[in-house]
Amino acid sequence: MAKVFIPQTPSRRVGGAWVSKYDLSPAEAFGRLVHLNPPGMLTQKSLLRVLPMFRDGLRDFGPDDSIMAVGDPIAISVAVYYAAQGHLSDGTVHILRFDRHAKAYKRLAVKL
């Protein structure tokens, strides 16, 4: 089954819990949603601790999988890098982004 990897879920604190700012469920049309790190985890100080989570999480990135372009640009960049390096990838990474005009997600192939 295809997977949609989410580099960082845009979230905010409500009370003591993290809550997603957006409903990402429409992206499930492209595969099972896989969060690469917990909300609030990616900061300048924690970046080195988070890198192994991305590397390990994307090790089996396959041709039917996608990276959702959501969250911190550094997180997206790192996710695309590791996805392109995966042993099941030929260097092609599918990026899933939200098109505001169409109000839908679109999948674009990027050959690296």
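The side chain of Asp65 has a polar atom that lies 2.8 Å from the backbone nitrogen of Lys3. The side chain of Asp65 also reaches the backbone nitrogen of Gly62, at 2.8 Å. For a polar contact I require a pair of N or O atoms within 3.5 Å; within protein, one must be able to donate a hydrogen and the other to accept it, and residues adjacent in sequence count only if both atoms are side-chain atoms.

A word on the source: this is a predicted model, in which local features need pLDDT of at least 70 and side-chain atom pairs count only at pLDDT 80 or more, while totals for chains, interfaces and linings use all residues. Residues are numbered from 1 along each chain as its sequence is written, and side-chain values use heavy atoms, with hydrogens and water left out.

Asp65 itself sits in the loop between helix 1 (47-57) and strand 5 (66-68); helices (H or I, at least four residues) and strands (E, at least two) are DSSP runs, numbered from the N terminus. Asp65 counts as buried because its relative accessible area is 3%, where buried means under 20%, exposed over 50% and partly exposed in between (1.4 Å probe, protein chains only). Not counting residues up to four places away in sequence, Asp65 touches Met1, Ala2, Lys3, Phe5, Asp60, His94 and Arg107, a contact being heavy atoms within 4.5 Å.

Let me turn to Phe5, which is found in strand 1. Phe5 and Asp65 are 60 residues apart along the chain, yet their C-alpha atoms are separated by 7.7 Å. Phe5 has 2% relative accessibility and therefore counts as buried. Beyond its neighbours within four places in sequence, Phe5 is in contact with residues including Val34, Leu36, Leu58 and Ile67.

How many aromatic pairs are there? The count comes to 3; rings of Phe, Tyr and Trp (its six-membered ring) pair if their centres lie within 6.5 Å, and planes under 30 degrees apart count as stacked, over 60 as edge-to-face and the rest as tilted. One of them joins Phe5 and Phe61 in a tilted arrangement, 5.8 Å centre to centre with 40 degrees between the planes. This pair links distant parts of the chain, since Phe61 lies in the loop between helix 1 and strand 5, 56 residues from Phe5. Another joins Phe98 and Tyr105 edge-to-face, at 5.2 Å centre to centre and 70 degrees between the planes. Phe98 is partly exposed, with a relative accessible area of 42%, whereas Tyr105 is buried at 15%.

A pocket here is an open set of points on a 1 Å grid over the protein atoms alone, where a 1.4 Å probe fits, with protein on both sides within 12 Å along at least five of seven lines; lining residues have an atom within 4 Å of a point. The largest pocket has a volume of about 160 Å³.

Finally, Leu24 lies in the loop between strand 3 (17-20) and strand 4 (32-35) and is buried at 8% relative accessibility. The side chain of Thr9, in turn, makes a polar contact with the side chain of His35 (2.7 Å).

Notes. Points joined across faces, edges and corners; volume = space filled by probe spheres on them.
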